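Subject: Structure handover

Hello,

Here is the structure for you to look through. Please open it first, then read my notes below.

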Amino acid sequence: MSNIIRSIKGTHDILPEDSKKWQQLESTIRKITHQFGYEEIRTPIFEKTGLFSRSVGEDTDIVSKEMYSWEDRDNTSLTLRPELTAPVVRSFIQHNLGGLSPLQRLFYIGPLFRRERPQKGRQRQFHQYGIEAFGSPHPEQDAEVISLAYSLLTQLGLTNLNLKLNSIGSPECRAQYRNALQDYLRPFLNELSETSQKRFENNPLRILDTKVPHEIDIIKNAPNITDFLTHEDQAHFNSVQSFLNQLNIPFTCDPTMVRGLDYYTRTTFEITSSALGAQDALLGGGRYDKLVETLGGKATPAIGFAAGMERILLALEAETPFESYDSTDIYMVCLDESVLSVSIDLANQLRQAGKSVKMETLRRSMKAQMREANRSGATYAFILGENEIQNKTVVIKKLKEGNQETVLQTEILEKLK
RNA sequence: GUGGGUGUAGCUCAGCUGGUUAGAGCACCUGGUUGUGGCCCAGGAGGCCGUGGGUUCAAGUCCCAUCACUCACCCCA
């Protein structure tokens, strides 16, 4: 056991028992995104490193210490994607999707990589699904995106949800707020933690996120970003809120919620679940009206979110245990080597007719085969022995009811209708 | 990167203050039924007790180291 090769720290195999849950989650995602008119985009697993440092932000944790990066043979630095908004924006620009239609609604599902210390709800390879809506600067677009996020979680059956909403304004008013915040914090500078002191210069808004009790006290009286919003920002924010009210989506405003990525503007939001542990954010997102420009595209407002699929599954299991299902129709019980040829043939016919068929390939005892048939959840056991081969029949047993009948092999398909 | 917890069968775990052949339940296989599953009964297979070192007449048990897993901090999905 000590000598075997194990999966890499922070990565997990999704075994058949769990892959069913994933498939179920994915199909719900596809259903809901389709209802809202979003279409799937798939981008490569790795990108040039510069894509992330330019968009996510050089000073963020993701870029500064969590990326899996390496030098390719031509010395370009490549990185396993740590998030998906930047690649989607890159693709949007590269293929001029904005030119195809002034509004692009996209969704994605796929694995991401961050080199963090694993814990509950956090892995080094994990999966997100998310959506990005390019083109509209208007609050109804914000409401649509948030509504999609909320609908998905509630339709999955989650209840312990908490939607937090904030607006961090346009870059102009954020600069003003930044100054005001620095002015407020300067007298306390010596009392702040080392990390907060570092942030004071390069990203003071992040200090609002602090969990240090002493700093939380200081933050309490800090100026509020809401007071620095321009009239337009404020009107946008108010409008988003009233749309959400109209949709009966409960939310709370949290002016200290500053998302960890640099590219956000105006609306930011997050949905947490109280069914989870310390890592309780199911999804997070916001508007990023300047990112397309920053990456060299035509100025295009956009908004999206990313949701952690592992966390959604964790929350689901905490709230309502999944029921496992198996949709095998028929188990072919083979009593003797001499029946194999006929059995293979019948299984083939049944599959061509659309049935799901498992055939015994272990040559086990009949008892073991019947047990296996039962376990596999099959509706029918087809029993083939020497008698059946001689009479060109098959015994069809309904496993749930326990009754059985002998049917001519040529009439099997009729019988199953 | 920093702390805490835990490593015994495929899974969940017992194993008292060190004492001789290492245990249970579930799962698996075989049989009880010359060709019939679920329930029951009987039997079987499956462990270098995470790894390395130390103390001891004797270590799954005590000590040290190491690795792995896990939870939490930081931060995020």
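**R174 and its neighbours**

Leaving out residues up to four places away in sequence, R174 touches I168, G169, L205, I225, D262, Y264 and T265. Contact here means heavy atoms within 4.5 Å. R174 sits in helix α7, residues 171-185. Is R174 buried or exposed? R174 counts as buried, because its relative accessibility is 17%. The cut-offs are these: buried is under 20% relative accessible area, exposed is over 50%, and partly exposed is in between (1.4 Å probe, protein chains only).

**What you are looking at**

This is a predicted model, in which local features need pLDDT of at least 70 and side-chain atom pairs count only at pLDDT 80 or more, while totals for chains, interfaces and linings use all residues. Residues are numbered from 1 along each chain as its sequence is written, chains are lettered from A and ligands numbered from 1 in the order in which they are written, and side-chain values use heavy atoms, with hydrogens and water left out.

**The whole chain**

Chain A has 16 helices and 16 strands. Both are DSSP runs, numbered from the N terminus: helices are H or I with at least four residues, strands are E with at least two. The radius of gyration of chain A is 28 Å, well over the 22 Å that the globule rule gives for 417 residues, so chain A is more spread out than a compact globule. That radius is taken over C-alpha atoms, and the rule is 2.2 Å times the number of residues to the power 0.38. Along its principal axes, the C-alpha trace of chain A spans about 95 × 55 × 45 Å.

Of the 417 residues of chain A, 49% count as buried. Chain A exposes about 21700 Å², and carbon and sulfur atoms supply 48% of that area. Accessible areas come from the Shrake-Rupley method with a 1.4 Å probe; for residues, only the protein chains shown count as cover. Now take contacts in chain A between residues at least 6 apart in sequence: 69% of them join residues at least 24 apart.

**The cores**

In soluble globular proteins, nonpolar side chains tend to be buried together. Which residues have the most contacts inside the largest nonpolar core? They are Y129, F134, L153, F305 and I312, in a core of 84 residues. Helix α6 (residues 139-155) gives the most to this core, with seven residues. A nonpolar core is a set of buried Ala, Val, Leu, Ile, Met, Phe, Trp, Tyr and Cys residues joined through side-chain atoms within 4.5 Å.

Look at I312. Not counting residues up to four places away in sequence, I312 touches L25, Y129, L153, L156, L158, L282 and A307. There is also a second, separate core of 17 residues, which includes I330, L384, V394 and I412.

**Strands and sheets**

Three strands form an open sheet in the order β2-β4-β3, with antiparallel pairing. The edge strands are β2 (46-48) and β3 (69-71), and each pairs on one side only. Two strands pair if DSSP finds at least two bridges between them. β2 and β4 (residues 77-80) pair over three bridges.

Next, go to strand β10, residues 281-287. It is mostly covered: seven of its seven residues are buried. Six bridges join β10 to β9 (residues 265-273), and the two run antiparallel. F269 stands opposite G285 in β10. β10 also pairs with β11 (residues 302-308), again in the antiparallel sense, over five bridges. There, R287 has I303 of β11 as its bridge partner.

Helix α4 (residues 85-94) is mostly covered, with seven of its ten residues buried. Those seven are T85, A86, P87, V88, V89, S91 and F92. They pack against β2, α2 (49-55), α5 (97-100), β5 (104-113), β6 (125-134) and α11 (291-294).

N96 lies in the loop between α4 and α5. N96 has a positive phi of about 50° although it is not a glycine. At 42% relative accessibility, N96 counts as partly exposed.

N248 also has a positive phi, of about 60°, and is not a glycine. N248 is found in the loop between α10 (231-246) and β8 (252-253). N248 is exposed, with a relative accessible area of 65%.

Best wishes
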